[in-house]
Amino acid sequence: MTVYNNDERLTEWLAAARQGDEGAAEAIYRRFSPAVFRLAASLLNDADDADEVMQDTLVYALRNLRRFDPSESAFQTWLFTIAISRCRNKRRRKWLATIPLMWFAREEAAQVHKGAQIRSLEDWLAVRGVRRELWAAVQSLSPNLREAVILRYVGGMAYAEIGEAVGCGAKAAESRVRTALAALRRRFAAQGDAEREWLEILESSGR
């Protein structure tokens, strides 16, 4: 049997949380909420919606830990699968076209925990040299391609994990990522070296 979760502290937290230990549940929430928020923010392009999905995902997961099987997947992959489903539902309900990440440019005050997570996503992009123009192009991809490329480069997931999270095989996940990158290359083909360089940086961050 393969066990995907070899983090002893996480294993202890999960066991304790299953027994109703609120401290362990809080520790799990603190550890994984930033990653779930970044994923949801990347998929939904809206900080408030992402915060709602993050909270809903963690609350659901902590209430249903008995459904998590460490022999089937890593805990974060399980969380991402839940989050992706909720992001898809929210997009269907809103019936809104994807818009650029305008909340990156907001300067008004935000709640401390929310603001810290927004900055962490912005920092993630900045460290890798990913500009808002490229990120807007990522957001213009079809939902399947956008999910795959975000899970690869924001979530840092292997193709097998992406396939598990979105409900397709590893080969199909790799194909979606490659198709997404090809679409981005075509979009930036007629532009200058700087734009193409941003795409190369994004690709290299997932290797």
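# Notebook: helices and rings in a predicted model

**Entry 1, the chain as a whole.** I looked up burial and found that buried residues make up 45% of the 207 residues in the protein chain. I note here that the model is predicted. I then went through the secondary structure: the protein chain has 10 helices and 0 strands. Read from the N terminus on, the elements run α-α-α-α-α-α-α-α-α-α. I also checked the contacts between residues at least 6 apart in sequence, and 67% of these join residues at least 24 apart.

How many aromatic pairs does a search of the whole structure find? I got 4. I took F32 and F75 to begin with. Their ring centres are 5.1 Å apart and their planes stand at 70°, so I wrote the pair down as edge-to-face; the cut-off for that label is over 60 degrees. I then looked up where the two residues sit. F32 belongs to helix α2 (residues 22-44) and F75 to helix α4 (residues 75-94), so this pair ties together parts that are 43 residues apart in sequence. Are F32 and F75 buried or exposed? I found both of them buried.

**Entry 3, F75 again.** F75 also forms an aromatic pair with W78. I recorded 5.8 Å from centre to centre and 40° between the planes, and this pair is tilted. Both residues lie in helix α4, and they are 3 residues apart, about one turn of the helix. I looked up the accessibility of each. F75 has 1% relative accessibility, so it counts as buried. W78 has 14%, and it counts as buried because the limit is 20%. Which residues do ring pairs link into a cluster? I listed F32, F68, F75 and W78.

I searched for arginines placed over aromatic rings. R86 lies over the face of Y60, 4.7 Å from the ring centre. R152 has its charged end over the ring of Y159, at 4.2 Å from the centre of that ring.

Helix α1 (residues 8-18) packs on α2 with the axes 8 Å apart and an angle of about 130°. That makes α1 oblique to α2. I noted the crossing of the two as left-handed. On the α1 side I found L10, W13, L14, A16 and A17, which meet A24, A25, A27, I28, R31 and F32 in α2.

I next looked up α2 with helix α7 (residues 143-153). Their axes come within 10 Å and cross at roughly 150°. The two helices are therefore roughly antiparallel to each other, as the cut-off for that term is over 145 degrees. The crossing of α2 and α7 is right-handed. L39, S42 and L43 of α2 make the contact with R146, E147, I150 and L151 of α7.

Last, I checked helix α8 (residues 159-166) and helix α9 (residues 170-188). They pack at an angle of about 100°, and their axes are 7 Å apart. That makes α8 roughly perpendicular to α9. From α8, the contact uses Y159, A160, I162, G163 and V166; from α9, it uses A170, A173, E174, R176 and V177. Y159 is also the residue whose ring has the charged end of R152 over it.

Methods
Residues are numbered from 1 along each chain as its sequence is written. This is a predicted model: local features need pLDDT of at least 70, side-chain atom pairs count only at pLDDT 80 or more; totals for chains, interfaces and linings use all residues. Side-chain values use heavy atoms; hydrogens and water are left out. Rings of Phe, Tyr and Trp (its six-membered ring) pair if their centres lie within 6.5 Å; planes under 30 degrees apart count as stacked, over 60 as edge-to-face and the rest as tilted. Helices (H or I, at least four residues) and strands (E, at least two) are DSSP runs, numbered from the N terminus. Buried means under 20% relative accessible area, exposed over 50%, partly exposed in between (1.4 Å probe, protein chains only). A charge sits over a ring if NZ of Lys or CZ of Arg is within 6 Å of the ring centre and within 35 degrees of the ring normal. Axes are lines fitted to C-alpha atoms, for helices over the stretch in contact, and angles run from 0 to 180 degrees between N-to-C directions. Angles under 35 degrees count as roughly parallel, over 145 as roughly antiparallel, 65 to 115 as roughly perpendicular and the rest as oblique. A crossing is left-handed if the near helix is turned anticlockwise from the far one by less than a right angle, and right-handed if clockwise. Contact means heavy atoms within 4.5 Å.
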